[in-house]
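Subject: Structure handover and notes

Dear colleague,

I am passing on the structure below, together with some notes on what was found in it. Please keep it open while you read.

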Amino acid sequence: MTYHVLISDPLSEEGMAPLTQADDFAVTVDTGLTEAEVIQKIGKFHALLVRSQTTVTRAIMEAATNLKVIGRAGVGVDNIDLEAATELGIVVVNAPDGNTNSAAEHTVAMMMSLARNIPQAFLALKDERWERKQHIGVELKGKTLGIVGMGRIGAEVAYRAKGQRMDVIAYDPFLTKDRADKMGIGYGTLEEVFAASDFLTVHTPLLKETHHMISTEAFAQMKDGVQIMNCARGGIIDEDALYEAIISGKVAGAALDVFEEEPAVHHKLLELPQVIATPHLGASTVEAQENVAIDVSKDVMQILQGGQAIHPVNFSSISPEVMRKIQPYFDLAEKLGAFLARTMPDAIEEVTVYYAGDLADQEVAPLTRNTVKGLLQRYLGNVNDVNATHLAKKRGITINEQKTSTTRGFTSLVTVEVKSATVTHQVAGTLVNGLGARIVKVDDYYVDVTPAGHMLLVRHKDQPGAIGRVGTLLAKYEVNIATMQVGRSNEGGDAIMMLTVDKEPQKEEVEGLKQLDDIFDVTAITI
């Protein structure tokens, strides 16, 4: 059989070689097409490869009667309707690893340029000014590089910084001390990384939790004269706060490859002599463009020839019979993972999902993937049902799956246990007819809570007045309690309160609750 592949955006010719040189693949390169033109042409094609120019809409996919796979030569898939692809049984793949080296190299190049004032000195020379004293720099050797985000790119930056004989300290919600020790780097909290850094670089996705992570408050925790790099995503750094920190002298310099709004040709930061910048060039190398095209081409070939993709980004197909039985539990599994993600104080090392009752007789791997997806989504950007376990394993997280016939009175029960170096937490949930998903146990405490909206998990001593003090303080904060569940181990012992509230609790409100008598800990959870 001959597989027909349409490439509708410019890709590296070398990167397309796996497809163009294969005997059973016929490749058509036709770029610059409108949506209507793609719809007109797509009918015979089994695969569609794009970068960012082509928007792959539902209309295109519905017209693609033979389409089995869409490949995105790059990381982001914002230009592909993933929901439509999943509904229509079309696998979407991307190439998240191909630009790792280029992005890491660009970060180090920016750091060295920042340290030695290279762009500023060059511009002075272009302006016929020979300025040696004005552009005295600093050495990297012996300085501390703080890295926020230790995924693929962050880890590569760490290796390169060690080659410059820098000390490295890193923070990542999935970085364990054991892994840091093996890499030969320091391990710290976010605040410890801020405080220790002479240079600070960020390598996280842009999420709710990371938006403006580097803020006025964060700058206040840093050394005077710290230097900042962002070659990840615009919006991680609060650009107004950075501007003020540079003006005040708190920050000695900044190197930016990304901005919150691009193109940023008239940005006020570019008016400051302490700032150097490039126009989002982190992945703009010949090799990176070739690598992403090769990776996505190989995945497309694998899928069409009946194999498994390395980097799928939407749900893989399973039999309709299995889907019918387990689909009602998808949302529950993800929410149990999301709940536990907000209760762990340090990096997760092991996840075990227990299935009891009717689910014990089913193929539950998709549910486990959904659970892990819920765990990781708070901190990672491109997490989905298919790549969740792959991403977890790359971060050293062990995934276990166990089945039991013991139901504890429920038709089916899903229990998720998460371990870190310091704690183990567990949450169990089920489906209740007419009520939907319910959390029925948190650690050793039985409760009955809908896993949705804004919640407060309060760990406290079972003493008279504890509940009243919490309610009174929340009223002072004008936080309305919608529901409350209390679970306790024994009279006068440890207990928990599970509250659902009408608005997301703020950090200062949570800290205020922690100061109350008989309150051990308070965690705000939004699902």
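This is a predicted model: local features need pLDDT of at least 70, side-chain atom pairs count only at pLDDT 80 or more; totals for chains, interfaces and linings use all residues.

Residues are numbered from 1 along each chain as its sequence is written, and side-chain values use heavy atoms, with hydrogens and water left out.

Helices (H or I, at least four residues) and strands (E, at least two) are DSSP runs, numbered from the N terminus, and two strands pair if DSSP finds at least two bridges between them. Six strands form an open sheet of mixed pairing, in the order β14-β13-β15-β16-β17-β18, with β14 (398-404) and β18 (445-449) as the edge strands, each of which pairs on one side only. Within this sheet, β15 (residues 412-420) and β16 (residues 424-432) are joined in the antiparallel sense over six bridges, and V414 stands opposite G429 in β16. Helix α14 packs on the sheet, touching β15, β16 and β17 (436-442), where contact means heavy atoms within 4.5 Å.

A nonpolar core is a set of buried Ala, Val, Leu, Ile, Met, Phe, Trp, Tyr and Cys residues joined through side-chain atoms within 4.5 Å; buried means under 20% relative accessible area and exposed over 50%, with partly exposed in between (1.4 Å probe, protein chains only). The largest such core has 42 residues, and those with the most contacts inside it are F339, L376, V414 and V416. Helix α14 (residues 330-341) gives the most to this core, with six residues, and a second, separate core of 30 residues includes V193, M222, Y243 and V275.

In helix α17 (residues 466-476), the buried residues are A466, V470, L473 and L474. They lie on the same side of α17, because they cover an arc of only 100 degrees around the axis, the arc being that of the directions from the helix axis to the C-beta atoms. The face turned away from that buried side carries the exposed residues T472, A475 and K476.

Finally, M150 is found in the loop between β6 (144-148) and α7 (152-163), and M150 counts as buried because its relative accessibility is 1%. Leaving aside residues up to four places away in sequence, M150 touches several residues, including Y171, L175 and M183.

Best wishes

Key:
Axes are lines fitted to C-alpha atoms, for helices over the stretch in contact, and angles run from 0 to 180 degrees between N-to-C directions.
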